[in-house]
Amino acid sequence: MEKDALELTKKLISCPSITPEEKGCNRVLIEALGHSFTTRLINRGSTTNLWATSGHGTPFFLFAGHVDVVPPGENGWIFPPFEPTIKDGKLYGRGTQDMKTSVACFTVAATRFVSEHPECGTIGMLITSDEEGDGKDGTVFAVEQLSKEGMKPDCCIVGEPSCNSVLGDTIKNGRRGSLNGFLIVKGIQGHVAYPDKVVNPIHKVVPFLDDLVNTEWDDGTEAFPPTSFQISNIHAGTRAVNVVPGECKITFNFRFNTLHNHKQLEKFVEALCKKHHLKYQLRWQESANPFKTEGTKLSEALLAAIEKTCGITPKFSTSGGTSDARFISKWCPDVIEFGPTNQAIHKVNECIDVKQISLLVSVYYETLKNIFKKAK
Ligand SMILES: [Zn+2]
C-alpha cells in the first residue's frame, strides 16, 4: 500500500499542473481508482473537477482535494520541480505537501477499503484543479452541480497539509471567514502650492484608516482568535512631487471569527466612510464564511485513527488561510482538513518525509474503518 501511494504521488508530481491546469493528473487518478469507482469530469472554463464514487447508500464519505499547484518560481530548486526525486528520506517536487501526496494517499486508502469492504456505503472523491487559483470553477462549481443532483455526503476530509512538525499533530476543524474590500477615495487633483484649490484624498484617508486600524473587533472565541483587519495595499500619486492626486486606492482584508459576518463588517466600514465624509467607491469580495466542526462522528473517527497510527493525540486548530473546505462546509457540515506537514508549502524545494506517506495512507484507511464500522 505504501509503495502504491509513493508511486502514485510521484506520477502526480510529474504532471506540471500549474493552476488551473491538471496536466494529466486526472488520467493518473482514474487509472489508480480502477473499476471499483465510477468517474466523471465536471468541468468549467479551463478547470477540471474529477468526481468519483464507489458503492451506494449511507454512510457517504467524501475525500476532497486539488491537483493544481502554485508555480515553482524561478531559482533555487535542487531538483527540477516536476521530476520527483528522493534524497535523504525526502521526496522533492512541487505539490509534495500541497497536496498531491494526500490525494495519492486517500486514493490508495479508498481503493483498498472498497476492495476489502464492498457493500458498506458510499465513498466519493472530489478533485479540483483550481484551488490555488481564483477558485470559481472548481470545488464551488462542482458542489453546486452535485447538490442539484441530490448528492449529499455525510462527512468529508479535505487533504490539505494540516500538520505542523510531525504527521498527526494537527487537525484543522474550522477556518476564519475572509472579506476583501477595494476602496477608492476621491479628492480633487491640483498643484500642491494651492491647498485651497485641491482636496487631498490621502489626507482624508489617513484618519479614516487610523480609526479602522485601531478598532478592536472582539476578543476572539474559544475556537477562534480575535477578528483582525489588515491593509494590503495603498496607492495614490501622479509621480510628480508637486501634484496632489485625485484619488487614493486602498485594498484591505478582514479575517473574522464566528462573532461577525460579511454584512455587518461591510456596514461598519461604510458607516465609517460617512463619518469621515469620504467621497468613495467601495467594492466587496466575500471570500469565505467562518466554519467550525466539533465533536462530530468524523472528528472522533479521525482522532482515533491518528492516535492508533501515529501514536500521538492531535490538537484541533482553526488557524491558517482559507481552503476549499469553506465551500464544502455548507454542503457537508461535518468537514475537516487533515493532511501532511506544511512547512514547505508554496516554497522552493517543497518536499515531504517519505515516511509520512505510509502513515497517511493508514490514517485515512483507519478513519474509513471507524466511520463505516460505527454505521453498522
Ligand atoms: Zn492546498
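Reader: What makes the site of the zinc ion irregular?

Author: First, a caution: this is a predicted model. The four donor atoms of the zinc ion make angles of 53 to 146 degrees.

Reader: How do you know which atoms are the protein donors of the zinc ion?

Author: A donor must be an N, O or S atom within 2.8 Å of this metal. His66 (NE2), Asp98 (OD), Glu160 (OE) and Glu160 (OE) lie 1.9 to 2.6 Å from the zinc ion. They therefore count as donors. Along the chain they follow the spacing H-x31-D-x61-E.

Reader: Why can one say that histidine 66 and glutamate 160 tie parts of the chain together?

Author: Histidine 66 lies in strand β3, while glutamate 160 lies in the loop between β7 and β8. These parts are 94 residues apart in sequence, so the pair ties them together. Both histidine 66 and glutamate 160 are buried.

Reader: Now the rings. Why is the pair of phenylalanine 113 and tyrosine 365 called edge-to-face?

Author: The search of the whole structure finds 14 aromatic pairs. In this pair the ring centres are 5.8 Å apart, and the limit for pairing is 6.5 Å. The planes stand at 70 degrees, and over 60 counts as edge-to-face. So the pair is edge-to-face. It links helix α3, which holds phenylalanine 113, to helix α9, which holds tyrosine 365, 252 residues apart.

Reader: What makes phenylalanine 113 and tyrosine 365 buried?

Author: Buried means under 20% relative accessible area. Phenylalanine 113 has 2%. Tyrosine 365 has 5%. Both values are under 20%, so both residues are buried.

Reader: How do you know that arginine 112 lies over the face of tyrosine 365?

Author: Its distance from the ring centre is 4.0 Å. The limit is 6 Å, with a further condition on the angle to the ring normal. Arginine 112 counts as lying over the face.

Reader: Why does tryptophan 284 count as buried?

Author: Its relative accessibility is 18%, and the cut-off is under 20%, so tryptophan 284 counts as buried. Phenylalanine 252 is buried too, at 1%. Phenylalanine 252 and tryptophan 284 form an edge-to-face pair, with 80 degrees between the planes. Both belong to one aromatic cluster, which also includes Trp217 and Phe229.

Definitions and conventions: Residues numbered from 1 in each chain as written. Predicted model: local features only at pLDDT ≥ 70, side-chain atom pairs only at ≥ 80, totals over all residues. Heavy atoms only, no water. Donors = N, O, S within 2.8 Å, 3.2 Å for Na, K, Ca; no water. Tetrahedral: all angles 85-135°; square planar, octahedral: opposite > 155°, others 65-115°. Helix = DSSP H or I, 4+ residues; strand = E, 2+ residues; numbered from the N terminus. Buried < 20%, exposed > 50% of the residue type's maximum accessible area, 1.4 Å probe, protein only. Phe/Tyr/Trp six-rings, centres within 6.5 Å; stacked < 30°, edge-to-face > 60°. Lys NZ or Arg CZ within 6 Å of the ring centre and 35° of its normal.
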